[in-house]
Amino acid sequence: MCHCGYVPRSMTRRNVTLVLVLSGLCYLTPLWEAVAGYPLNPQISFVSELAARDQQWGWIFQLTDLVAALLLGLGVSMIWRGRCGFTAIQTLFSVALGVAAVGTIADVLFPMVCAESLPRCAAAYHAGDLPVSHSIHIVTSSIAVAGMTVAAAACLLQLRISRHRPVMVVAALAASGVIATLVGQGLLFATGAPLGWMQRIHVIASAALIATSPIVLQERRQS
């Protein structure tokens, strides 16, 4: 008999959870940034700048992003192979995570050419001297952020119909963090204030949402 929620056929739920938790850990760019000794000023630099082509340790951040995205994609594919009885919200949540994974992979394929928080790169950007690939990165990052935002919204919707609210609250807190920090970035941008720290908190919340996503996907329909 097929139960509602996800039931992987060749993998246990523990395997799926492990994959997604590892994905969330790899997605924790602020952690790896601290390990690298903060190569850029975290107050004024964008997280994406850490993986820019002109950065000495850029390949490390590209690698962690790529592994995070591949693990996220793997986790979502494992879930879809064994899904049964998903609610529309759970379907939306899983698809949105898949979109975030694709966007992150595209981020790695089209990294920033240079770190815009550095004077030379900023001057080249404003002069229009940077290649098209630099602008493509803005699009790919937007796709990743959009996917994560939709997943966060779906998580909060799932909380409203959850049968296990105390457990779902954990994932909902991460989802709330994703949306709140996105709004915070918008407000900071409108006032001309630096976005660095707020963006890093947003990445942490996104990583937490990835790691807690099995909670959302293990929910079953109310009978």
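Helices α3 and α4 run roughly antiparallel to each other, because their angle falls in the class over 145 degrees. This is a predicted model: local features need pLDDT of at least 70, side-chain atom pairs count only at pLDDT 80 or more, and totals for chains, interfaces and linings use all residues. Residues are numbered from 1 along each chain as its sequence is written, and side-chain values use heavy atoms, without hydrogens or water.

Now the geometry. Helix α3 covers residues 58-81 and helix α4 covers residues 88-109. They pack at an angle of about 150°, with axes 9 Å apart. Axes here are lines fitted to C-alpha atoms over the stretch in contact, and angles run from 0 to 180 degrees between N-to-C directions. The crossing of α3 over α4 is left-handed, meaning the near helix is turned anticlockwise from the far one by less than a right angle.

Who touches whom? Contact means heavy atoms within 4.5 Å. From α3, the residues include L66, A69, L70, G73 and W80. From α4, they include V95, G98, A101 and I105. By class, the contact has eleven nonpolar, six polar and one charged residues.

Step back. How many helices and strands does the protein have? Eight helices and two strands. From the N terminus, the order is β-α-α-α-β-α-α-α-α-α.

Last, burial. Of 223 residues, 47% are buried, that is, under 20% relative accessible area with a 1.4 Å probe, protein chains only.

Notes:
Helices (H or I, at least four residues) and strands (E, at least two) are DSSP runs, numbered from the N terminus. Angles under 35 degrees count as roughly parallel, over 145 as roughly antiparallel, 65 to 115 as roughly perpendicular and the rest as oblique. Ala, Val, Leu, Ile, Met, Phe, Trp, Tyr, Cys and Pro count as nonpolar, Asp, Glu, Lys and Arg as charged, and the others, Gly among them, as polar. Buried means under 20% relative accessible area, exposed over 50%, partly exposed in between (1.4 Å probe, protein chains only).
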